[in-house]
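Hello,

Here is the structure I promised to pass on. Please have a look at it first; my notes follow below.

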Amino acid sequence: IFNIPKCASTTLKYYFEFLTKHLHKGHMKLLFLREPYARIKSAFKMKCSNEKGTESFTNIVLKYQDYLQGKLVPYDKYNDMIHFIPQHSYMEAFGDKFDFVGSVENLGHAIKQLNTNWNIQDYNLNYENKNTFEDAEQQQFDHEYEKILQDNKTFYKKFLERDIKLYETYIRN
């Protein structure tokens, strides 16, 4: 079981732990994808949440955007970058043959489907989101992030291009 960061990894961690204790027949490769623009926004939001108070949201987003565009990543930020690695990179690393592909946007339905397939009746999905802001902060983040996204539309379109194709292939079709 491998969990892609920023693809409901905290929520799925509990499900995967449950599966490892209750399923003992062989193994399956499960993949959960997240809509690419929502995933990268969540990665930026997490960085802003972790670093708020030190800089404006705009400065934090632009700093990580610079890293995505090739600026040298300082050692203390190296582990943070795992959240920005494109989903297709994980898929390519583990092969593209998965027994089940679900989406974060329909996570409850996907888990119900897996539970039905495995005759699991005693698991309830526990949603957990550690990236939360107060309303005013959320509005500020959304405003600053959307401006940066619009100002850098070409970069993000190219950066997310393969993930968008992957998502469309597995989820939208």
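**What I found**

Asn119 is exposed, at a relative accessible area of 58%. Exposed means over 50% relative accessible area, buried under 20%, and partly exposed in between, with a 1.4 Å probe and protein chains only. Asn119 sits in the loop between helix H5 (107-117) and helix H6 (135-151). Its phi is near 55 degrees, a positive value in a residue other than glycine. Most residues other than glycine have a negative phi.

Before the rest, the ground rules. This is a predicted model, where local features need pLDDT of at least 70, side-chain atom pairs count only at pLDDT 80 or more, and totals for chains, interfaces and linings use all residues. Residues are numbered from 1 along each chain as its sequence is written, and side-chain values use heavy atoms, with hydrogens and water left out.

Lys6 is not a glycine either, yet has a positive phi of about 70 degrees. Lys6 lies in the segment before helix H1 (9-22). Is Lys6 buried or exposed? Lys6 counts as buried, at 9% relative accessibility.

**Overall fold**

The chain has seven helices and two strands. Helices (H or I, at least four residues) and strands (E, at least two) are DSSP runs, numbered from the N terminus. The order from the N terminus is α-β-α-α-α-β-α-α-α. The radius of gyration is 17 Å, close to the 16 Å from the globule rule for 173 residues, so the chain is as compact as a globular protein of that length. That radius is taken over C-alpha atoms, and the rule is 2.2 Å times the number of residues to the power 0.38. Along the principal axes, the C-alpha atoms fill a box of roughly 50 × 30 × 30 Å.

Of the 173 residues, 43% are buried. Now the contacts (heavy atoms within 4.5 Å). Among those between residues at least 6 apart in sequence, 78% join residues at least 24 apart.

The chain exposes about 10,500 Å², and carbon and sulfur atoms supply 50% of that area. Accessible areas come from the Shrake-Rupley method with a 1.4 Å probe; for residues, only the protein chains shown count as cover.

Lys and Arg count as positive and Asp and Glu as negative; His and the chain ends are not counted.

Asp163 is in helix H7 (residues 153-172). Asp163 is buried but has no salt bridge. A salt bridge needs a side-chain nitrogen of Lys or Arg within 4 Å of a carboxyl oxygen of Asp or Glu. The nearest side chain of opposite charge is Arg39, 4.3 Å away. Beyond neighbours within four places in sequence, Asp163 contacts Pro36, Arg39, Pro86, Gln87 and His88.

Leu160 is also found in helix H7. Leu160 counts as buried at 3% relative accessibility. Leu160 touches Pro36, Tyr37 and Ile40, leaving out residues up to four places away in sequence. Leu160 and Pro86 are 74 residues apart in sequence, but 7.3 Å apart in space, C-alpha to C-alpha.

**Helix H4**

Ala93 lies in helix H4 (residues 87-94). Ala93 is exposed, with a relative accessible area of 60%.

Best regards
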